[in-house]
Amino acid sequence: MSLITIDREKCNQDGVCISECPTRIIQMDEEEGYPVPSSDFEEYCLRCGHCVAVCPVEALRLDWLDPENCRALKKELAVTPEQAEQFLRGRRSIRTFKEKRVPRETLEKLLEVACSAPSAKNQQPWHWIVVQEPQEVRRLAGMVVEAMRAVLKSNPEAGKTMGYHRVVAAWDTGLDRVCREAPHLIIVHADRNWLFGPEDTALALGLLDLYAKSLGLGVCWAGYLYKTVNAYPPLFEALGLPQNHLAFGAVMIGYPEFKYQRIPVRNQPRVTWK
Ligand SMILES: Cc1cc2nc3c(=O)[nH]c(=O)nc-3n(C[C@H](O)[C@H](O)[C@H](O)COP(=O)(O)O)c2cc1C
């Protein structure tokens, strides 16, 4: 099968696929007047699927992607700016969770949506670990506390600056300030040498956070946890990360115990208008 197939019955020769291709590897065949792949197509195609998704008449098919496999955007589901603003500004980090577990299918759906985040060169470098058992979340939080104790012993100043003494003291009274007694944990990891690992994975977790809210779930970044994963080999091994990977983020997730009534104030944008 050729790299690009054009249905000439449908193609209106508008060149939209050519304009939208991020790497400009589709060109108009001068003689025939239809889009064709350029000679370096295979080398530079990002497999982003934009050419298929943007075609208004479903005329373009790639050897690996058919318009029928790309879900149609429904006009009636478009959000208004007002809805979007309230939804985005109303997102909160959630730190008190119900004991209720999140069904596996819901977590699967969340990850699917998270994987539609933008990523440099469309690399989609993310890998996920979902800790399903609340006792395991607690055990991992305990390992983070152990690592914190070690830092407080070897470098008390650094440990205090990071606030470890407070997390450890809370743990000793039975309070988990690492994972906040969340029922589940989601960790994102990627190749440690991928230049855009931090950005790509943060964007994916950002989408996950927002989509979780739409499902009535609560999420909070578990900064203490994922930073410790990379610094404390026992935790890195407990999670089974590949040696060439780093944990770039983690979130606690579950059903929120409380509902927010208002939107707290945030700093105004610090902008330099040029
Ligand atoms: C990278 C990152 C790490 C974070 N780590 C933690 C954490 O370990 N524990 C926690 O309770 N909140 C953590 N948070 C949540 C922030 O404290 C929270 O986003 C901030 O207070 C603003 O609140 P909001 O998210 O409700 O707007 C983290 C957030 C980010 C972006």
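A definition first: Ala, Val, Leu, Ile, Met, Phe, Trp, Tyr, Cys and Pro count as nonpolar, Asp, Glu, Lys and Arg as charged, and the others, Gly among them, as polar. What you see is a predicted model, in which local features need pLDDT of at least 70 and side-chain atom pairs count only at pLDDT 80 or more, while totals for chains, interfaces and linings use all residues. Residues are numbered from 1 along each chain as its sequence is written.

**Exercise 1. Find the residues that surround the ligand and sort them by kind.**

Step 1. A residue is near a molecule if its C-beta atom, placed from the backbone, lies within 6 Å of it. The residues that surround the ligand are Arg92, Ser93, Arg95, Cys220, Trp221, Ala222, Gly223 and Tyr224.

Step 2. Sorting this shell gives 4 nonpolar, 2 polar and 2 charged residues.

Step 3. Now for the elements: helices (H or I, at least four residues) and strands (E, at least two) are DSSP runs, numbered from the N terminus. At least two residues of the shell come from each of β7 (218–221) and α10 (223–231).

**Exercise 2. Describe the protein chain as a whole: its elements, its radius of gyration and its contacts.**

Step 1. Count the elements: the protein chain has 11 helices and 8 strands.

Step 2. Check the dimensions. The C-alpha trace spans about 75 × 45 × 45 Å along its principal axes. The radius of gyration is taken over C-alpha atoms, and the globule rule is 2.2 Å times the number of residues to the power 0.38. For a compact globule of 274 residues the value would be near 19 Å, but the protein chain has 23 Å.

Step 3. Look at the contacts, where two residues are in contact if their C-beta atoms, placed from the backbone, lie within 7 Å. Among contacts with a separation of 6 or more, 72% join residues 24 or more positions apart.

**Exercise 3. Which residues have the most contacts inside the largest nonpolar core?**

Step 1. Set the cut-offs: a residue is buried if 20 or more other C-beta atoms lie within 10 Å of its own, exposed if 12 or fewer, and partly exposed in between, with C-beta atoms placed from the backbone. By this count, 27% of the 274 residues of the protein chain are buried.

Step 2. A nonpolar core is a set of buried Ala, Val, Leu, Ile, Met, Phe, Trp, Tyr and Cys residues joined through C-beta atoms within 7 Å. In soluble globular proteins, nonpolar side chains tend to be buried together.

Step 3. The largest core holds 46 residues, and Val144, Leu185, Ala222, Leu225 and Val251 have the most contacts inside it. Helix α6 (residues 134–154) gives the largest share of this core, 7 residues. A second, separate core has 12 residues, including Ile4, Cys17, Cys21 and Leu60.

Step 4. Zoom in on leucine 225: leaving out residues up to four places away in sequence, leucine 225 touches Leu140, Val144, Val178, Cys179 and Ala250. Leu225 is also one of the buried residues of α10, along with Tyr224, Tyr226, Thr228 and Val229. Among the elements that cover these buried residues are α6, α8 (164–172) and β8.

**Exercise 4. Is alanine 72 buried or exposed?**

Step 1. Locate alanine 72 in the loop between β4 (60–62) and α4 (81–89).

Step 2. Count the neighbours: there are 9 C-beta neighbours inside 10 Å, so alanine 72 counts as exposed.
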